[in-house]
Amino acid sequence: MSAPEAQPTRQLRDVFGDDIILYDEGQESVVYRITAELMLNGQGYAMLEKAKPGKEDEPEIFRVAAKADGELELETIDDDDEWENISELFDEWTFPAEDTI
């Protein structure tokens, strides 16, 4: 997979704005910023960062799925290959290769 196959999207931003609230294991609300979204082969993905990240926090990557009623929900990506491919695409978008002079 390469970045040209993926298309930018605004699925989550169009519904939620720039921030989204998720709940951690302890049911505490955590505000995340939507840093990037992409669509690949009809499947949406989003990269989120905590609005107030700690030293150990890294961006989170989720699959964006539409429920039967059209409401969007975030799904954890359990497949290691899928996660790696999407992570690499977000890296390419976030840190594009620099052209050599």
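Is Thr9 buried or exposed? Thr9 is buried, because its relative accessible area is 18% and buried means under 20%. Keep in mind as you explore that this is a predicted model. Below are a few places to look up in the structure, starting with Thr9.

**Around Thr9**

- You can find Thr9 in the loop that runs between strand 1 (7–8) and helix 1 (11–16).
- Its side chain reaches the backbone nitrogen of Gln11 at 3.5 Å.
- Setting aside neighbours within four places in sequence, Thr9 is in contact with Glu37, Leu38 and Met39.

**Around Gln43**

- Gln43 belongs to strand 4, and it counts as partly exposed because its relative accessibility is 24%.
- The side chain of Gln43 reaches the backbone oxygen of Val64 at 2.8 Å.
- Not counting residues up to four places away in sequence, Gln43 touches Leu38, Arg63 and Val64.

**Salt bridges**

- The count comes to eight salt bridges.
- One of them joins Asp19 and Arg33, whose closest N and O atoms are 2.5 Å apart. Asp19 lies in strand 2 and Arg33 in strand 3, so this pair ties together parts that are 14 residues apart in sequence.
- Both partners are partly exposed, Asp19 with a relative accessible area of 32% and Arg33 with 40%.
- Arg63 and Glu82 also meet through their side chains in a salt bridge (2.7 Å, N to O). Arg63 sits in strand 5 and Glu82 in helix 2 (residues 80–94), so the pair links parts that are 19 residues apart in sequence.
- Arg63 is buried, with a relative accessible area of 16%.
- The side chains of Glu71 and Lys67 form a salt bridge at 3.7 Å, N to O. Glu71 is partly exposed at 42% relative accessibility, and Lys67 is partly exposed at 34%.
- Arg13, Asp18 and Glu37 are linked in a network of salt bridges.

**The largest pocket**

- The largest pocket has a volume of about 230 Å³.
- It is lined by 14 residues, and Val30, Tyr32, Lys50, Asp57 and Glu60 are the ones that lie nearest its centre.
- Strand 2 (19–23), strand 3 (29–40), strand 4 (43–50) and strand 5 (60–66) each supply at least two residues of this lining.
- What kinds of residues make up the lining? Seven are nonpolar and seven are charged, with no polar residues.

Methods: Residues are numbered from 1 along each chain as its sequence is written. This is a predicted model: local features need pLDDT of at least 70, side-chain atom pairs count only at pLDDT 80 or more; totals for chains, interfaces and linings use all residues. Side-chain values use heavy atoms; hydrogens and water are left out. On a 1 Å grid over the protein atoms alone, a cavity is a set of points where a 1.4 Å probe fits but cannot get out, and a pocket is an open set with protein on both sides within 12 Å along at least five of seven lines; lining residues have an atom within 4 Å of a point. Grid points are joined across faces, edges and corners, and a volume is the space filled by probe spheres set on the points. Helices (H or I, at least four residues) and strands (E, at least two) are DSSP runs, numbered from the N terminus. Ala, Val, Leu, Ile, Met, Phe, Trp, Tyr, Cys and Pro count as nonpolar, Asp, Glu, Lys and Arg as charged, and the others, Gly among them, as polar. Buried means under 20% relative accessible area, exposed over 50%, partly exposed in between (1.4 Å probe, protein chains only). Contact means heavy atoms within 4.5 Å. A polar contact is a pair of N or O atoms within 3.5 Å; within protein, one must be able to donate a hydrogen and the other to accept it, and residues adjacent in sequence count only if both atoms are side-chain atoms. A salt bridge is a side-chain nitrogen of Lys or Arg within 4 Å of a carboxyl oxygen of Asp or Glu.
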